[in-house]
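Let us walk through this structure together, one contact after another. Please keep the sequence and the 3D view side by side as you read.

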Amino acid sequence: MSTLKWAATNADSLLADLDLPPAAYRALLKLRGRSEAGGRISIDQAALGELLGLSRPSVNAALRELELAKLVKKVRNGVYQINPMLAGYSCPEDAEAAVKAMPKADRLDNRNYVASYHKAVAAYQDQLAEQRKKRAALAAARKAAADKRRGSLHAVG
């Protein structure tokens, strides 16, 4: 249980506007509750999945949504950083300093924040669609090459 007392903002209404998947909200709340002062948390995806009762693919998808929304950033495997405006702090001065130090584009009070999230999601979906097309084209090319090889084989007899 966290003993942190200060947060830079109450962002509940803003988070609702993002319309994140339920697993992402649950992951965010669990991460916030287990974070250190300043928002750093050490937890791997398997442990987070166990805490939430989610499969690894569901945890991956939830964390990806949180990253697209700039609410959580992966520092390295097993280490995440909660957006400074959502993180808890030991005192209000630390909260204020952390928010002042962050890029304006990552701030939750940026008037384009929600639109930026939706744009990031759309770009990610486009990237996935492009990857699917490339995999399908590669599979079709392999099949065509295999069919061509089979067509050039002769029965010996």
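Is Arg40 buried, partly exposed or exposed? With a relative accessible area of 29%, Arg40 is partly exposed; here buried means under 20% relative accessible area, exposed over 50%, and partly exposed in between, with a 1.4 Å probe and protein chains only. Before we go further, note that this is a predicted model, in which local features need pLDDT of at least 70 and side-chain atom pairs count only at pLDDT 80 or more, while totals for chains, interfaces and linings use all residues. Residues are numbered from 1 along each chain as its sequence is written, and side-chain values use heavy atoms, with hydrogens and water left out.

The structure holds four of them.

Helices (H or I, at least four residues) and strands (E, at least two) are DSSP runs, numbered from the N terminus. Glu96 counts as partly exposed at 45% relative accessibility, whereas Lys100 is exposed at 62%.

Look next at Arg107, which forms a salt bridge with Asp109; the closest N and O atoms are 2.7 Å apart.

Now turn to the helices. Two packed helices are described by the angle between their axes and the distance between the axes. Helix α2 (residues 22–34) and helix α3 (residues 45–52) have axes that come within 11 Å and cross at roughly 105°. The axes are lines fitted to C-alpha atoms, for helices over the stretch in contact, and angles run from 0 to 180 degrees between N-to-C directions. So α2 is roughly perpendicular to α3, as angles of 65 to 115 degrees count as roughly perpendicular, under 35 as roughly parallel, over 145 as roughly antiparallel and the rest as oblique.

Which residues make this contact? From α2 come Arg26, Ala27, Lys30, Leu31 and Arg34, and they meet Leu48, Leu51 and Leu52 of α3, where contact means heavy atoms within 4.5 Å. Five of the contact residues are nonpolar, none is polar and three are charged.

Ser35 lies in the loop between α2 and β2 (40–42). Ser35 is buried, at 8% relative accessibility, and its side chain reaches the backbone oxygen of Arg32 at 3.0 Å.

Finally, a word on backbone angles: most residues other than glycine have a negative phi. Asp19, although not a glycine, has a positive phi of about 60°. Asp19 is placed in the loop between α1 (12–18) and α2 and is exposed, at 61% relative accessibility. Lys70 is another non-glycine residue with a positive phi, near 60°. Lys70 sits in the loop between α4 (56–68) and β3 (72–76), and its 31% relative accessibility makes it partly exposed.

Definitions and conventions:
Ala, Val, Leu, Ile, Met, Phe, Trp, Tyr, Cys and Pro count as nonpolar, Asp, Glu, Lys and Arg as charged, and the others, Gly among them, as polar. A salt bridge is a side-chain nitrogen of Lys or Arg within 4 Å of a carboxyl oxygen of Asp or Glu. A polar contact is a pair of N or O atoms within 3.5 Å; within protein, one must be able to donate a hydrogen and the other to accept it, and residues adjacent in sequence count only if both atoms are side-chain atoms.
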